[in-house]
Amino acid sequence: MARGKCRGRKTQAPRAPPPAAASSPAPPLPTPTDKEPPVNALPEHDLGLILRRLPPADLLRAALACRRWRRAAARALPRAPPPLLGYLFHPAGVAGPFPLNPTDKTFHPAVFLPLDADASKRVSLALSPSEARGFSVSDVHLGLVLLLPRALPEGLLPRVLVLDPASRRRALLPAPPRAALPGGDPWRGKRMVFGVSVLSRAHPSRLSFDAVCFTVDGDRPRAWVATVRDGDCTWHAMPRSEDVRVDFDPWLFEDRCVRAAGDIYWHICNSSRALKLDPRTLDFSYLPVPAELGDRFKKYRIGETPEDGRLCMAALDDDMELQIWVRGEAKWSDRGWLLERRMCINKALHAVPGLPRDRMHRMACTWLSDMDYARTGKVFIQTWGYGRYSFHMDTGKLQRLEMKDGKEHGHPIWAYTLAWPPAFLAPEDN
């Protein structure tokens with residue numbers, strides 16, 4: 001018997017398939033009402049909700065799919081933080097240990113520290129030697145860098161050097177003229193300048209933007225607005241604030257602003273309040289600090305929560321406990337602030353070589369210098385003679401901010417982000 005055959009079974013001829021019925025219809029094509037609808041059937045609202053959850057890089061890729069997605073991505077842009085390219089700062093030498101001078105007063109030109117090699121090719125300050133020595137950074141926002149002269153006689157308004165490091169565009173804005181003042185407002189000799197900041201940018205592909213210069217005229221704050229369109233500048237001075245009075249020495253204002261939750265703030269040394277400017281109305285007001293923090297200089301900094309961009313305040317108390325306060329009203333709120341998070345950083349500070357461990361000396365040698373305005377979840381810690389560090393609030397990692405030549409990252413440290421939104425998503429200005 002042949003191997004592999006089944007005994008007693010007969011093979012059958014294959015059956016022919018039945019003839020197809022001429023009247024049987026073809027299967028229906030899938031329609032948008034099927035169980036798995038195509039993405040084009042998504043309503044505009046649902047598509048926008050999906051795109052708002054994407055990180056900036058994925059949002060830009062989605063915007064290239066089609067015109068409909070590009071429009072939806074443009075509407076989703078306000079929720080997405082701009083991509084971070086690196087940091088700008090003036091390097092500083094390492095100061096001597098306590099009780100010597102806590103800071104090195106030597107001026108060093110501004111530098112850009114890229115996050116990667118690609119950003120180093122795309123971004124360049126391109127300052128001439130005289131500009132590098134004579135100008136210092138006052139604000140970084142929307143892809144623009146604003147610099148003011150280092151030496152300026154008291155009472156004189158400054159010229160403003162504006163750089164777009166990504167496109168290499170630049171402009172030197174003239175000082176505000178007397179004609180910029182409202183009618184009947186005298187030109188005041190007692191005037192102090194406390195920095196300039198970007199208000200808005202009309203279109204990222206051109207050097208068209210609005211900026212504001214903050215001064216204290218007498219005992220009242222004033223906003224000087226520069227409107228720049230393709231390099232042409234026009235200044236307009238707002239009336240002195242009627243609601244806010246500077247009833248302290250104006251030198252206590254920090255000479256640069258911070259930007260949080262859509263508003264602009266100036267910290268005030270040894271004060272339980274900060275000065276707020278609404279960019280939409282150009283109205284000044286005071287923002288109170290939680291009473292629990294007291295009036296301690298450089299112990300609290302205004303910023304944004306990393307996850308959703310809410311207005312917050314970071315504070316470092318005498319026991320090296322890092323606190324995060326957010327705005328909110330409740331029975332237990334403190335001047336409209338709620339304590340949302342707290343963490344002790346003493347253990348992380350133990351890794352700093354030579355930093356005193358006893359409470360009093362550590363409190364005198366360590367303070368909170370800033371929050372990372374790129375919303376990375378980091379805060380910056382300054383020590384008296386033991387270096388500057390970044391502390392990540394989620395991982396607890398403490399990293400020294402030191403350059404290859406031994407200098408430190410100076411204060412402040414500005415986050416440089418891509419001009420946002422990108423040109424192909426931004427509407428053209430008239």
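Okay, ground rules. The model is predicted, so local features need pLDDT of at least 70 and side-chain atom pairs count only at pLDDT 80 or more, while totals for chains, interfaces and linings use all residues. Residues are numbered from 1 along each chain as its sequence is written, and side-chain values use heavy atoms, with hydrogens and water left out.

The overview, then. The protein chain has seven helices and 23 strands; those are DSSP runs numbered from the N terminus, H or I with at least four residues for helices, E with at least two for strands. Of its 430 residues, 46% are buried (under 20% relative accessible area, 1.4 Å probe, protein chains only). Taking contacts (heavy atoms within 4.5 Å) with a separation of 6 or more, 52% are between residues 24 or more positions apart.

Now, helix 3, residues 67-76. Helix 1, residues 44-52, has its axis within 9 Å of the helix 3 axis, and the two cross at roughly 60 degrees. Axes here are lines fitted to C-alpha atoms over the stretch in contact, with angles from 0 to 180 degrees between N-to-C directions. That makes the pair oblique, the label for whatever is left after under 35 degrees (roughly parallel), over 145 (roughly antiparallel) and 65 to 115 (roughly perpendicular). The crossing is right-handed, so the near helix is turned clockwise from the far one by less than a right angle. On the helix 1 side the contact uses Glu-44, Leu-47, Gly-48, Leu-51 and Arg-52; helix 3 brings Arg-68, Trp-69, Ala-72, Ala-73, Arg-75 and Ala-76. By class that is six nonpolar, one polar and four charged residues (Ala, Val, Leu, Ile, Met, Phe, Trp, Tyr, Cys and Pro are nonpolar; Asp, Glu, Lys and Arg charged; the others, Gly among them, polar).

And how do helix 2 and helix 3 cross? Their axes come within 8 Å, at roughly 150 degrees, with helix 2 spanning residues 56-63. So that pair is roughly antiparallel. Leu-59, Ala-62 and Ala-63 of helix 2 meet Trp-69, Arg-70, Ala-73 and Ala-76 of helix 3: six nonpolar, no polar and one charged.

Last stop, Gln-323, in strand 17, residues 321-327. Beyond four places in sequence, Gln-323 touches residues including Glu-292, Asp-317, Arg-341 and Arg-342.

Note on methods
Buried < 20%, exposed > 50% of the residue type's maximum accessible area, 1.4 Å probe, protein only.
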